[in-house]
Amino acid sequence: MTARPRVRSAFRKAGLFLSLTATAAFAGESATSLVGAGMPANCADFAAKVSSSEGNFGTTNQYGCLGAFQFCPGTFNRYYNGSAQSFLNDPSAQVASWTKYEQDSWAQAQNNGLTSLVGQQVCSGGQCATIDQSAILMACQFGCGAKGKLANYAASGDCNSGNVKDGNGVSVCSYLVRGAGYDASCFTGQAACLQGPTGPGDFPTSTGTAANPPTSSAASIIVRPTDI
């Protein structure tokens, strides 16, 4: 995640989000390695998709964000009771912590009416998808709050509006498209209703592998505390 110093400082104080760093060196954990750490197999492809723009089990970024899903200070303390090094050394703890984080994100999305988007079509960057549970959770990386980018999109339906984009000009709609088509039932507690691709681009295949992974710049998000 590329952010101005003031924004980074606000994040560190808020401590409410996972880091969204997209760095070439952070290849992410595979579905196989995540299953080995305790992730249910049916949700491993979605977890690997998220991890692909986050980090590996042993990753620490320049902001002190940790692991395969980049838990930042504050968030880390909410979801893990132990040292940073013990967290990095314990893939199972990372999977368990992230699972709880995703469950909380889904609950927040429900409370703020964001799950009403499920079933709607969304298009961004020449790609289209049907919004489903995994799409909502992926887009919650912009924040699931009542005043966040996803909430703004739910209110307007306009993917090009300035209030649905982060500081880099990345629209939350790109993440709705990017995250669609995966089984996220481990986090939502609801049966998955998977949709097939409806156009070219970054869509999961039958194995859940993206056809065209996004570039680092497309994966970089700036989320401000007001987006919570």
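How many aromatic pairs does a search of the whole structure find? The search finds 13 aromatic pairs, where rings of Phe, Tyr and Trp (its six-membered ring) pair if their centres lie within 6.5 Å, and planes under 30 degrees apart count as stacked, over 60 as edge-to-face and the rest as tilted. The model is predicted, so that local features need pLDDT of at least 70 and side-chain atom pairs count only at pLDDT 80 or more, while totals for chains, interfaces and linings use all residues. Residues are numbered from 1 along each chain as its sequence is written, and side-chain values use heavy atoms, with hydrogens and water left out.

**View 1. The rings of F46 and Y182 form a tilted pair.** Their centres are 6.2 Å apart and their planes stand at 55°. The pair links distant parts of the chain, 136 residues apart, with F46 in helix α3 (residues 44-51) and Y182 in the loop between α9 (172-179) and α10 (185-188); helices (H or I, at least four residues) are DSSP runs, numbered from the N terminus. F46 is buried at a relative accessible area of 1%, and Y182 is buried at 4%, where buried means under 20% relative accessible area (1.4 Å probe, protein chains only).

**View 2. F46 also forms a tilted aromatic pair with F187.** Here the distance is 6.0 Å centre to centre, with 50° between the planes. F187, which lies in helix α10 and is 141 residues apart from F46, is buried, with a relative accessibility of 3%.

**View 3. W98 and Y153 touch the most other members of the largest nonpolar core.** This core has 54 residues, and a nonpolar core is a set of buried Ala, Val, Leu, Ile, Met, Phe, Trp, Tyr and Cys residues joined through side-chain atoms within 4.5 Å. Its largest share, six residues, comes from α6.

**View 4. Q94 is a buried residue of helix α6.** Its relative accessible area is 1%. Leaving aside neighbours within four places in sequence, Q94 is in contact (heavy atoms within 4.5 Å) with several residues, including F57, G67 and F71. A polar atom of the Q94 side chain lies 2.9 Å from the backbone oxygen of F57, and the C-alpha atoms of Q94 and G67, 27 residues apart along the chain, are separated by 7.0 Å.

Technical notes
Helices (H or I, at least four residues) and strands (E, at least two) are DSSP runs, numbered from the N terminus. Buried means under 20% relative accessible area, exposed over 50%, partly exposed in between (1.4 Å probe, protein chains only). A polar contact is a pair of N or O atoms within 3.5 Å; within protein, one must be able to donate a hydrogen and the other to accept it, and residues adjacent in sequence count only if both atoms are side-chain atoms.
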